[in-house]
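Here is a short tour to read alongside the sequence and the 3D view.

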Amino acid sequence: MRRSRIAASLVSAFALCAAATGCGGGSTTGGEGSNNSPKTLTYWASNQGTSLEHDRKVLGPELKKFQKQTGIKVNLEVVPWSDLLNRILAATTSGQGPDVLNIGNTWSASLQASGALLPFDAATLKKIGGVDRFVPSALAATGAEGQVPTAVPLYSLAYGLYYNKKLFKDAGIDAPPTTWDELAADGKKLTGDGQYGLAIEGANYAENAHHAFVFGKQRGADFFTGGKPTFDSPQAVAAVKGYVDLMAKDKIAAPGNAEYAANQSVRDFAKGKAAMLLWQAAKTSLTSHGMKSDEYGVAPVPLLDPKASGDRRVNSMVAGINLAVFKNTDNHDGALKFVKFMTSDAEQIALNGAYGSLPPVASAQKDKVFATPDLSVLRDALTKSAAPLPQVPEESQFETLVGTAVKELFADAAAGRPVTESSVKAKLAKAQQQMPKK
């Protein structure tokens, strides 16, 4: 998901949801815009563009197409990431909410456990075109393994290594790094005179958790074993220390990056303050900061061992946005028509093309708009070397707690305090202790 914001109170909110009568979404207020009409839908969209207004400009014409085709009006609200999850949780407990909504795909298993979302069983998937239309890796992030998913993929993202071509040339570096050792070595050549090798968002706990996951996969860490958290395993400790050491030991990230939150690292990269960036489909964001597409390249995220196989070749989480329907919507048929419309080839090409993301619909991915060098790298990562974050109901707590532990370790690094195996293990053990008990 892009810029995910996870509420620490997720489990308790779900418990309230389970206890509430008629838990689920769907407006019951009546009047203009009410879901009581089969000719009206309410849709909560996540902020995918450079601003909420940008999203309204992108989505508005497409929703008018849907109304022209079906006679169903869609009342759109674009919800900032900082508010989206809390809004969803409030809707599940109150019964007041949209018919259709976007969710970050890392929330899928957690929201699935609430029971508030419509299951996409085989019959329901058939109504929107069938399961075979979707890229398998994107489908893997739609709910817990072995359970009926409660969402379908809408926008797909993967991490890539963005690098500044001019800064690389000036430093005498001919090609982007393929291993973490090479990245550290190149980063040192690119650091100096107020410029750093790599931009990091140390205060962005979602980004921290995503990178800890990838570093972990390459070292054999899963963070959950048999459904139970294993945050402080030797492999997990090595993974988190390896990531934080980019600042603490290698010193290729600015100490000030420890305080960076959402999108601040993109700004530094676009302005030439950092030569490399680990990011998800950054084209739209970089353009908004004035960086031209020919000024940067995109390479696969490095590996610990280039000869590794299986999970140890994972270099990205399966990132993206899913589309879900509240189970108690008053316009079930209209909601599914809207999902089918939004996942059609034409809309997948139009919307993902506008946002710089990748269609999770396989046939739409073949369009020439997604054949650019940067998106080709990200598509390969998504289809060949990405893995979904742990698809367990407690995934959101994993992001919050592990991401916060990494944030605290970056703060230590920025302050000159030592980051050791012991200190990393202590932070991760504390995070594990804070996980809800089953």
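## Helix 9 against helix 17

The axes of helix 9 and helix 17 (residues 395–414) come within 7 Å and cross at roughly 95 degrees. That makes helix 9 roughly perpendicular to helix 17 (angles of 65 to 115 degrees count as roughly perpendicular, under 35 as roughly parallel, over 145 as roughly antiparallel and the rest as oblique). Axes here are lines fitted to C-alpha atoms, for helices over the stretch in contact, with angles from 0 to 180 degrees between N-to-C directions. Helices (H or I, at least four residues) and strands (E, at least two) are DSSP runs, numbered from the N terminus.

On the helix 9 side, the contact (heavy atoms within 4.5 Å) includes Tyr205, Asn208 and His210, while Phe398, Val402 and Phe410 are among the partners in helix 17. By class, this contact of helix 9 with helix 17 has eight nonpolar, five polar and two charged residues. Ala, Val, Leu, Ile, Met, Phe, Trp, Tyr, Cys and Pro count as nonpolar, Asp, Glu, Lys and Arg as charged, and the others, Gly among them, as polar.

## How the model is read

This is a predicted model, in which local features need pLDDT of at least 70 and side-chain atom pairs pLDDT 80 or more, while totals for chains, interfaces and linings use all residues. Residues are numbered from 1 along each chain as its sequence is written, and side-chain values use heavy atoms, leaving out hydrogens and water.

## Helix 2 against helix 14

Helix 2 (residues 52–70) and helix 14 (residues 345–355) have axes that come within 10 Å and cross at roughly 170 degrees. That makes helix 2 roughly antiparallel to helix 14. Asp55, Val58, Leu59, Glu62 and Lys65 in helix 2 meet Glu347, Ala350, Leu351, Ala354 and Tyr355 in helix 14. The residues of this contact divide into six nonpolar, no polar and four charged.

## A salt bridge

The structure holds 14 salt bridges (a side-chain nitrogen of Lys or Arg within 4 Å of a carboxyl oxygen of Asp or Glu). In one of them, Arg87 pairs with Glu77, the closest N and O atoms being 3.0 Å apart. Arg87 sits in helix 3 (residues 81–94) and Glu77 in strand 2 (residues 73–79), 10 residues apart.
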